[in-house]
Structure formats: structure tokens, C-alpha cells
Amino acid sequence: MASSSAGTPVASLSHVTLEYEGGVRALDDVSLDIARGERVCVVGANGSGKSTLASVICGLLAPDEGDVTLVGQRVLAGGRVDFAAYAKARRSLGLVFQNPDDQIVTSVVEEDVAFGPENLQVAPDEIGRRVTRELHRVALEGYAKADPTRLSGGQRQRVAIAGALAMEPEVLVLDEPGALLDVRGRRSIMRVMGRLSQAGTTIVHVTHFMDEALEADRVIVMEHGHVALEGTPREVFSRGELLTSLKLSEPFCSRLAMRLSQLGLGVSWTCDSSELLDQVASLLGTGSDGGETSAAKAAGDADGMGRGDGGSAPLAIEASHVRYSYRSTDAREDSSPALDDVSLGVPEGTSCAIVGQTGSGKSTLLRLLCALEAPDSGSVVVHGIDTSRRRDRRRLHGRVGYVMQRPERQLFAETVLEDVAYGPSNLGLSRQEAEARAREALALVGLDDREGLSPFELSGGQQRMCAIAGVLAMRPRTIVLDEPTAGLDPLGREELHAILRRVHGGGVTVVEVTHSMDDAALCERVVVLDRSHVVGQGTPRQVFAAGNEAALESAGLGIPRALAWARELARRGVTGLGEPLSLEALAQAIARHADEASNGGRSI
């Protein structure tokens, strides 16, 4: 049984098994205790049982076998459900779903936040106080009267979090709460969880972000419905080989320490960032003769953030002074445009990341770039076709592929092969040719052995790959993706990046909305949106230059982790590392610096 700290557990599961229809065993003989006030992080690959475990702990699902006690209520004994005990327990349990659309129930934000306390029969004045407090906590005060369906995915997630917090639960379970949030939003939620934990709230946090798990008292690793590993963050993340076999990765700090050790530097493994920074600073000393300093290099690049279309290369996509507003007859809604005076260019055959805080207009911009909508004013030209007229937009069918924010929701056919072949068939190809393209796309995403299954029998990550295969099978000249890695485990993210690299290597223009600055740094161009405007665009080195850091922070964004480490080391006196945008580039820069230091400042 997984251990917990002393005292009566606030949640206890003993030999719990839960099966879904079709005989899929999501939990298999799981036993664990969660101590009152403990902060627990649950990690695991897609399909490992994390979300099911979260639903059991918050009283949403009753297992088929075993015993469950929640907040002092014996809700399940020997597989027999006590419905009255469940009703009592749920008053002290809160859940934030992975997908906010499964949780939002009203058409007004403040009413949705008030829904839970109203069901608990909290006094009206107290409900009002809680709603105001929680909307402030998730930075949505200005959207109290808005319709949640008009908000971005990240904003809807914050509405769901506010609604859960307004119930003041004794146990709060959060299932991937940061999957759709920008950098600022994720940091805010982590701070909220920290404050709640300090105040005595028990936190159970399901996440695919390994760095978030470092904040927990205990980490539980799930695999195929079992608890495969558990312990403190240091204990769990020290098992690098086992984590890899479980399709997970270590936090950035630990991976950097391991890479530096492989390069022959005297660095010991750690998952403590401050500890590793101290080790590196001590190893390198201060100062360097090697190359430009970070500040000097940044000064040379800082003026590039606002540059235009990327030079003289032919443009796959060109937007000029675009303005777009969602139409509504509801006077309560904010009438400000979703996009305002947006101009950008994406050269043929390049990769481009679009970044910005939730609600900045990213998803709206993608819909215009792939010709699903036309601008109210200005122009969008895609592969030489102006999208202002509907009949011209139809000409782009098949030339531009669009992968929506939750692409698995577009799956519908009886088999995986039929689903992926639908797009090519719609282009007028014969059944034989459409299926040949579908099989080629399935092989590309690693699902060639799943073609006869129902797409709904696939895991969440596999469904995502299936939907992407359906777009790739049409062989578009440009592929546009809205948060394609959201909700994927570390291995799934790596696999998707590899697929996109292969597609891009074949000459396809790739445009991707992402909240990950590390992912954006892998692209050739970056476009920054803030409050419906383009506030910067250029190469990653230009956009993430030191002179732009304050503007990025103001836009709710950050910088790639490797770059943040280099700048922190510079503040500690270690100069000359340049502006590394990836872990490997940072590790190599540190190794070169150490080499120079050991040779009296002369590189060899």
C-alpha cells in the first residue's frame, strides 16, 4: 500500500478495481491512502488510469471492487455502494475536470462559479463574496457577465477552477488543470494550490508536466491501472530508467544534470533547481572570454521582435490589417474584437509558432488562416487565394489541414482506417487511393496496427494521433494545429514533435498554436499575440531576446527554460553562455565554458 503521513487518511482506497464497458480495466487492485492536508501529484502515461483514480478520490466514480473511505465516510465496502455516504462526502470534495466544457453548466460566468455553493445552500451574501474572491484569484473579474461559451479554452478552464474553489472543498482534485493555460495561468494555478495546501486543503493534482510534480509532498506514478511507483519527488525522479519505461520523463533540472554528467562535468544528479544552479556556478566560476555575453547578444537581437514577414521568401500565408469580432445580440458581452489590426506573414515551407495568453485571439487567428472564417476587414491570403469570398475559400479544401484544439472530437467512423480515409475520399479520390493514403498516414503516426479498431477504443493520446493522421492523409501544403500537445504525456509530445518534423521536412508549412515556449523555440518563426494584437514576430532568437522579456511577461508569457537558466547563471556571474534555446544547447554551452575555464580561458 502506498504510504501517507501520520493521522487518519482523508481518502483511503483498498484493493480497488474499476472496469469500463468493454472490459477495459482502468484501475486494477489499487490501494493507497492520502493524508489530511497532503499535496499529492499523480502522473503517468495517457491511459494509465490517472483520471479514473482522480474521479474515484473525488467521489465521482464508484469502483466495482474494494473499499473506499472519503472524508470520514465509508462510501464503498466490499464493492457495495453506500449512496447516502457518497452524498455526504461529496459536500467536502471538489473536482476540476481535464476538459472545462464537461463542468460548465450555465451561460454566465459568475452564475457558473456560484452554482456549486448554491447547491450546498450557502447564504447568498457569502456566495457573492466567494464568487468575487475566486474570479479575482483566476484573473477573470472582467468576465463575470460573459458567456463561458464565448471564452477561450484556457479562460473556460479558469472558470471551472473558480467554481471548484468557491465550494471551499476539504479535498480538491485537479485533473490536468494547466493543460489549456498559458504560462501565467499555470503559474497562477500552482500558486493557488500552494496557498490552499498551506491552509490545510488536501490537494490531488493530476498532471503531465513533470516540473509541476516537484511541488508535491508525494508523487504517485500510474501504469495500466496500477500504482507503479510512489514517494517524494526526489525518490520518484531519481528512477530515470524506470520513468522512461513508464513513458515519462524527469523534470528539466534532472535531465540537465544528467546531460552535464554525460558530458564529463562533475555534476551530481538533483531535481532541485537551486542546488543545480549552485553546482554549475561553482564549477564555472565567473566571467568568460568565449563569445558574446547574453546581454550583448540580446541587445543585437532585441529590435527584431517586431519585424514583418520574414524576408523575401514566397508567403504561404499573409494576413494584412485583419479585424474580426464574434457577433452576438447579448448586450452584456464584451464587444471588443477578437483580432484587431493583425498583420503577419508565414513563408512557404517554414514552421511557425503562435503564442499568447489565453483569450489573446490565437484560436480565432487559426480559423482565419485556414479559411474557416473570413475577416471583417483586412485580408487573409493563403497560397495566393484571398479568403474573403466563400467560393474562394472552398478552393483551399485539402490544401490547408486544420487540427483543432481537441482533435479527437472529430472522430466518428466505425474503424480507424475509415476515419482517416474520410478526408481523402472527400477530395474525390477512389476508395483504394483514399485507403492507401490513410495507411500511409497511420504508419507515420504509429497507428498502422490499429486500423481495424474503433477509434473510440483507442487511448486519448492515440485518438489525438488518429485525428492528426486524418488531416495528413489529405496531404495538405500547410497544416495548422491548435495546441496539438495539450493533454499528451511526455512520450506523446515527443512523438508528435517527431511527426511534425518529418512532415515539415517534406516541405509542408507548419503553423502551431502553443503555450509551451520550449516548443515555440523549436520553430523557425514565432508570432506573439496579446489582447487581440500582434505585438511581435521574428525568429525565436529575436522574439526571446533579453530586451523583449518584460513585454513577454506583460503578455502572460515566459521564455524557454534553457534560456531562463542561462540568464539566471548570468545573474550569478557566469557570462558567455549566449542565448541557448534548448536543453542540449544549454548543456553544450556550459561544457564549452568549463573547457575554456580549465584551459585558462582558451577554447580547444
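So, first thing to keep in mind: this is a predicted model. Let's start with the surface. The chain exposes about 25,200 Å², and carbon and sulfur atoms supply 47% of that. On the inside, buried residues make up 55% of the 604 residues.

What about overall shape? Along its principal axes, the C-alpha trace spans about 70 × 70 × 55 Å. The radius of gyration is 25 Å, and since a compact globule with 604 residues would come in near 25 Å, the chain agrees with that.

Now, secondary structure: we've got 23 helices and 21 strands in the chain. As for who touches whom, take the contacts between residues at least 6 apart in sequence: 67% of those join residues at least 24 apart. And on charges, there are 63 positive and 82 negative ones, with their mean positions 3 Å apart.

Okay, zooming in. Have a look at strand β4, residues 65–70. Which strands does β4 pair with? One is β1, residues 9–19, antiparallel, over five bridges. If you want a landmark there, find Thr17, whose bridge partner in β4 is Glu65. Another is β5, residues 73–77, also antiparallel, over three bridges. Here the landmark is Val68, which has Leu76 in β5 as its bridge partner.

β4 and β5 make a hairpin, with two residues between them. And in that turn, check out Val71: its phi is positive, about 40 degrees.

That's my tour, happy to take questions.

Terms used. Residues are numbered from 1 along each chain as its sequence is written. This is a predicted model: local features need pLDDT of at least 70, side-chain atom pairs count only at pLDDT 80 or more; totals for chains, interfaces and linings use all residues. Side-chain values use heavy atoms; hydrogens and water are left out. Helices (H or I, at least four residues) and strands (E, at least two) are DSSP runs, numbered from the N terminus. The radius of gyration is taken over C-alpha atoms; the globule rule is 2.2 Å times the number of residues to the power 0.38. Buried means under 20% relative accessible area, exposed over 50%, partly exposed in between (1.4 Å probe, protein chains only). Contact means heavy atoms within 4.5 Å. Accessible areas come from the Shrake-Rupley method with a 1.4 Å probe; for residues, only the protein chains shown count as cover. Lys and Arg count as positive and Asp and Glu as negative; His and the chain ends are not counted. The place of a charge is taken as NZ of Lys, CZ of Arg, CG of Asp or CD of Glu. Two strands pair if DSSP finds at least two bridges between them.
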